[in-house]
Amino acid sequence: MSGASRCLLACSNFLTFLVSLPLIGSVMITHFSSHTSCSHYLLQPLFVIGIVLFVVSILGMIGSCYRVTFMLWFYQWLMFLLIFVLLCFTVLAVVEVHSGMRKGVSGESPRLQQFSDWLQMNVVDRQNWLGIKACLSETQICSSPEISPPARGLYRPIKNGCCKPPAHCGYKLKNGTVWTVPSSGLASRDHDCIMWSSEPNTLCYDCESCKAGVLSRIQEDWWRLSIVACCLIAFLVINFMVGCCAFRSTRAFDKYQRCGYNS
């Protein structure tokens with residue numbers, strides 16, 4: 001049983017090692033080939049995930065193949081920490097998504113007040129919004145006035161919130177993405193109506209409607225990631241249980257060797 005547990009642990013960590021290599025490699029290639037702040041801003045989480053998977057797999061393989069008790073002990077604690085972090089993220093994602101559903105965060109034009117204070121303070125705060133706004137500008141998501149059918153469900157809240165003024169402002173579409181103030185003036189002078197500009201690098205990127213559109217997309221992504229996280233947690237829990245068996249067998253082997261040498 002001890003040999004089988006160590007073999008199974010080594011194989012599972014070898015698969016994790018193979019997954020981490022292309023992940024780290026693709027991030028590094030994109031980092032050096034792209035000079036946009038958007039790519040750097042988005043690739044940081046992927047790079048961290050790849051490094052963590054790489055380190056965990058190395059520790060698991062060395063500890064299981066060479067009976068290194070200390071590495072297996074460190075591997076178990078690191079696995080426990082990963083499972084705890086993923087559980088916290090999954091719970092947070094589910095709570096935030098269901099909170100948005102209760103507040104009616106749906107449709108094409110969600111409002112910023114419909115999202116939780118935590119999302120507003122930690123996702124679209126002043127510092128993070130500078131990076132998100134740079135991404136929106138560099139990807140030219142507003143370059144086309146029409147929404148292509150494949151991206152209609154994914155990007156419509158962002159395009160409606162960031163690429164054109166809110167409907168209640170009363171702007172008139174002149175041509176393309178150029179909106180003008182009617183002769184009678186704006187119907188409303190709230191924050192979003194004042195912040196709107198027809199400049200391609202400005203548009204409504206500083207509007208609350210744009211932040212609401214981005215948060216709406218983030219909530220949808222979090223729901224998908226929570227499903228992936230649940231599958232990953234199940235895989236990590238199995239690895240953790242197998243690692244416990246391998247750790248016990250390795251510790252028993254070390255104790256047997258010490259007793260044998262002493263005798």
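In this tour, Ala, Val, Leu, Ile, Met, Phe, Trp, Tyr, Cys and Pro count as nonpolar, Asp, Glu, Lys and Arg as charged, and the others, Gly among them, as polar. The model on display is a predicted one.

**First stop: a pocket.** Select Pro110, Pro166, His168, Asp192 and Ser209. Of the 20 residues that line the second largest pocket, these lie nearest its centre. Helices α6, α7 (191-195) and α8 each give two or more residues to this lining. By type, the lining of the second largest pocket divides into seven nonpolar, seven polar and six charged residues. The space in this pocket comes to about 360 Å³.

**Second stop: the largest nonpolar core.** Now select Trp129, Leu136, Cys162, Tyr205 and Leu215. Within the largest nonpolar core, which has 29 residues, these five touch the most other members. The elements that give two or more residues to this core are α5 (126-138), α6 (152-162) and α8 (208-262). The most comes from α8, with six residues. Another core, of 16 residues, lies apart from it; Ile83, Leu86, Ile233 and Ala246 are among its members.

Centre the view on tyrosine 205. Which residues is it in contact with, leaving aside its neighbours within four places in sequence? They are Trp129, Lys133, Leu136, Ser137, Cys142, Cys162, Pro200 and Cys210.

**Last stop: Leu225.** Finally, select leucine 225, which is found in helix α8. Leucine 225 has a relative accessible area of 44%, and therefore counts as partly exposed, since that class lies between 20% and 50%.

Terms used:
Residues numbered from 1 in each chain as written. Predicted model: local features only at pLDDT ≥ 70, side-chain atom pairs only at ≥ 80, totals over all residues. Heavy atoms only, no water. Core = buried A, V, L, I, M, F, W, Y, C linked by side-chain atoms within 4.5 Å. Buried < 20%, exposed > 50% of the residue type's maximum accessible area, 1.4 Å probe, protein only. Helix = DSSP H or I, 4+ residues; strand = E, 2+ residues; numbered from the N terminus. Contact = heavy atoms within 4.5 Å. 1 Å grid on protein atoms, 1.4 Å probe; cavity = no way out; pocket = protein on both sides within 12 Å on 5 of 7 lines; lining within 4 Å. Points joined across faces, edges and corners; volume = space filled by probe spheres on them.
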